[in-house]
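These are my notebook entries on what I looked up, written for someone who is opening this structure for the first time. The sequence and the model come first, and my notes follow.

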Amino acid sequence: MFGNKLKVSLYRYNPEEDKFPYMKNYVIDKPERDIMVLDLLHLLKEEDQSISYRRSCREGVCGSDGMNINGKNGLACITPISSVIKRNKIELRPLPGLPVIRDLVVDMTEFYAQYEKIKPFLQNETTAPEQERLQSPEERDKLDGLYECILCACCSTSCPSFWWNPDKFVGPAALLQAYRFLADSRDLKTQERLEALSDPYSVYRCHGIMNCVNVCPKGLNPNKAIGEIKSMLHKNKKDIIVSDGV
Amino acid sequence: MNNIFTNNIKKIEFDALIIGGGGSGMRASLELAKSGLKTAVVSKVFPTRSHTVSAQGGITCAIASADPNDDWRWHMYDTVKGADFIGDQDAIEYLCSEGPKAVFELEHMGLPFSRFENGRIYQRPFGGQSKDFGKGGQAARTCAAADRTGHALLHTLYQNNVKEGANFLNEWFAVDLVKNSKDEVTGVIAFSIENGEVAYLKAQATVLATGGAGRIYASTTNALINTGDGLAMALRAGFPAQDMEMWQFHPTGIYGAGSLVTEGCRGEGGFLINKDGERFMERYAPNVKDLAGRDVVARSMVLEILEGRGCGDKNDHIYLKLDHLGAEVLNSKLPGICELSRTFAHVDPIYEPIPVVPTCHYMMGGTPTNISGQAFTRINDEDHLIPGLFSAGEAACVSVHGANRLGGNSLLDLVVFGRATGKHIQSELKSGGGVDSATKSDIEKSLERLNKLNDSSNGHDPADVKKELQECMQNYFGVFRRGEFMKKGLDQLNELKEKVDNLHLKDKSDAFNTSRVEAIELQNLFEVAESTAISAYQRTESRGAHARDDYPDRDDENWLCHTIYDPISKKVSKRGVNFEPNKVEAFPPKVRTY
């Protein structure tokens, strides 16, 4: 229909001017080379300064430019347009479920609040040795697939449970980090961490929909980490019941 | 955002203010958060989006894990030599001797370092590392968390700032320093990117921890946010910059994207070709060809481009040819490069050459500071501390990297000097130090630039001017420099100055207006670019990263010194290098060979 043209349908909202958000269509010459969605946004912004989005590293490690690209969350800077074009068209929307500040920029306060809630830092109150605390390579291996999270929010904002209960369900990103510290041989607050997660919402609102795994741009698996937390919680509960019985 | 008047500007008071939420800023803030002083980190991005996150290889430090006999003095020797002898030896001594403490602290904070079988931190070999003062062979001194050390470090620092309840002004953009009549720094003018609110953030101590400015060049490995905001603020306030001609380049960054392509490609038998398909390195370095030193290769590439033999429509890049190596070699030995190249150069190296250009990587220069992070200016050729102003990390020039930084030393610089700065501010403020208030007209002055931009009804398009600036720097002040070319570049910068001062901000809205941010960033880039250009033109020798073909030799008689760029006179003066470490004998300059 557009031949060598590319139609970009962009979510626009400027709170100072627009009562409601709307989709604006831009038609541009199809770039000669395959470019990233972020490059496409740069091209549009050169024509229209008012377009707003976040970006920083432009190589997939800082997590700034998570957005919804043709219906799927991803990082604009490492998503080639060739991989997402459908009938010469690309539709770009902000990450779903969070309040929109402007255009593709969402308010991530609730997302970060969940991250802070799980106490995302090592807790070990024993006196630190003069050198490093020792950790075997096997113990360290347990952190692989967990610590690499870039907090882009692609996973949590693709999760229907997080859409429903963003205040009470911790969400896949923060749960992945919760498990990162539960799995760290140097962290001594396992019991406290589990207790803080044992209510019906924090973890148990995860119903294994797996959208998180499907969209993670770093190939991480929050669903698996949540499963591990659930088994730790079950085991912990049994232990408590047994000790109560005694 | 309407014109802002000092009458209605909001004032928020702090003890200490840290501009920048990367490695050095968050290490300093961690120190201050624990102290009870009222502190805030002002960061234009959420802190974990800072460029520290992109560091890969590791943090170099003599923690004696890979080699139980390792010694920080050996690390010091390597760093002094790597700096081509214009790194300050008191600062390098501090870096290398305090380093282990700073690294162990990171581990205690939870940084997920890779491990050796014995449970200690994993260390790998890096370039320029030696044992026994260059006599004992290759050392393995770079502590690593796989190839994501920067990410692990930055997230660990953010996590510990959360733990200590540090105060963040995230997505706030600092525009200019505020100075009182005594030339003391009393804080910054900043605005919230989210809603456009402008405020005078008043502080007794202001730390510039804004990182590098690789975006002055068209091709850089740096993040889009690396626009030298802190350094530019200092320059606009009339404070000097040191060693601005010293920029580290890598020969093979992917054209356009800037992602690095390892030297290992050429090690495996790849080579560079010009638009005629000629393997031109045979002319420049007949013996080792494409495996000549980085500076030699990069210089040859730029010459090919300047002489019209570059590739592509604009003849502005070079091809790295790998296809003759065959799919098997490429897939088994260079899989990461293949993937990177497919993702960012849109070519498959199995079939096509990779377009590459020498790529700006790191700013060795910056705001001059002492080892406590205190910034200083020069009066009658002597250092004079600037009350209220501090700097750390890539934004600062302390100077531990001199004319050339060693790999793995940037992350160590961040934590060691971020930490030292935080500690110093704590003791200074607790013992009653501080600065006088600024007057209304002082604040007015710092609002001028923002107001002018907000008032602009016509003028130049920031996106166009930025491209011109980056191409000018890339062409005339790249890896390889020559007086006559630099003169052309300086003339072009003079023309650009008028444009940069008269940008047209079309979008005047308040909510998350990234155009306003980008216009101010462009002005910051210009300040850094200008100081680089003038300093590079003045240093008539070749040393470390500063390679001039009209002055190809190192000239210790005249240039064993720092350059100090004065932004008011736009003149360059010399400053002596420190050869007085406290615990060891100084390392005297000698011919630098590897």
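I began with contact, which I take to mean heavy atoms within 4.5 Å. By that rule, among contacts in chain A between residues at least 6 apart in sequence, 67% join residues at least 24 apart.

Before going on I noted the ground rules: this is a predicted model, in which local features need pLDDT of at least 70 and side-chain atom pairs count only at pLDDT 80 or more, while totals for chains, interfaces and linings use all residues. Residues are numbered from 1 along each chain as its sequence is written, chains are lettered from A and ligands numbered from 1 in the order in which they are written, and side-chain values use heavy atoms, with hydrogens and water left out.

Entry on chain A. I found eight helices and seven strands, where helices (H or I, at least four residues) and strands (E, at least two) are DSSP runs numbered from the N terminus. The C-alpha trace of chain A spans about 75 × 40 × 30 Å along its principal axes. Of its 246 residues, 54% are buried, a word I use for under 20% relative accessible area, with exposed for over 50% and partly exposed in between (1.4 Å probe, protein chains only).

Entry on chain B. Here I found 16 helices and 22 strands, and I saw that buried residues make up 64% of the 594 residues. The C-alpha atoms of chain B fill a box of roughly 70 × 60 × 45 Å along the principal axes.

Entry on the two chains together. I noted that 61 residues of chain A are in contact with 65 residues of chain B. Chain A and chain B bury about 5,100 Å² between them, 49% of it on carbon and sulfur atoms; buried area is the accessible area (1.4 Å probe) that two parts lose on being put together, summed over both. Gln49(A), Arg58(A) and Glu132(A) supply 15% of the area that chain A buries against chain B, more than any other three residues.

Entry on one helix. Is α1 of chain B enclosed or open? I found that 10 of the 11 residues of this helix (residues 23-33) are buried, so it is largely enclosed by the rest of the structure. Among the buried residues are Gly23(B), Met26(B), Arg27(B) and Glu31(B), and what covers the buried residues includes β1 (10-19), α3 (89-109) and α11 of chain B.

As background, most residues other than glycine have a negative phi, and most peptide bonds are trans. Against this I wrote down a cis peptide bond joining Val398(B) and Ser399(B), with omega about -10°; Ser399(B) lies in the loop between β18 (396-397) and α11 (409-430). Ala64(B), although not a glycine, has a positive phi of about 55°. Ala64(B) sits in the loop between β3 (59-60) and α2 (72-82), and counts as buried because its relative accessibility is 15%. Asp381(B) also has a positive phi, near 60°, and lies in the loop between β16 (374-379) and β17 (382-391). Asp381(B) counts as exposed because its relative accessibility is 55%.
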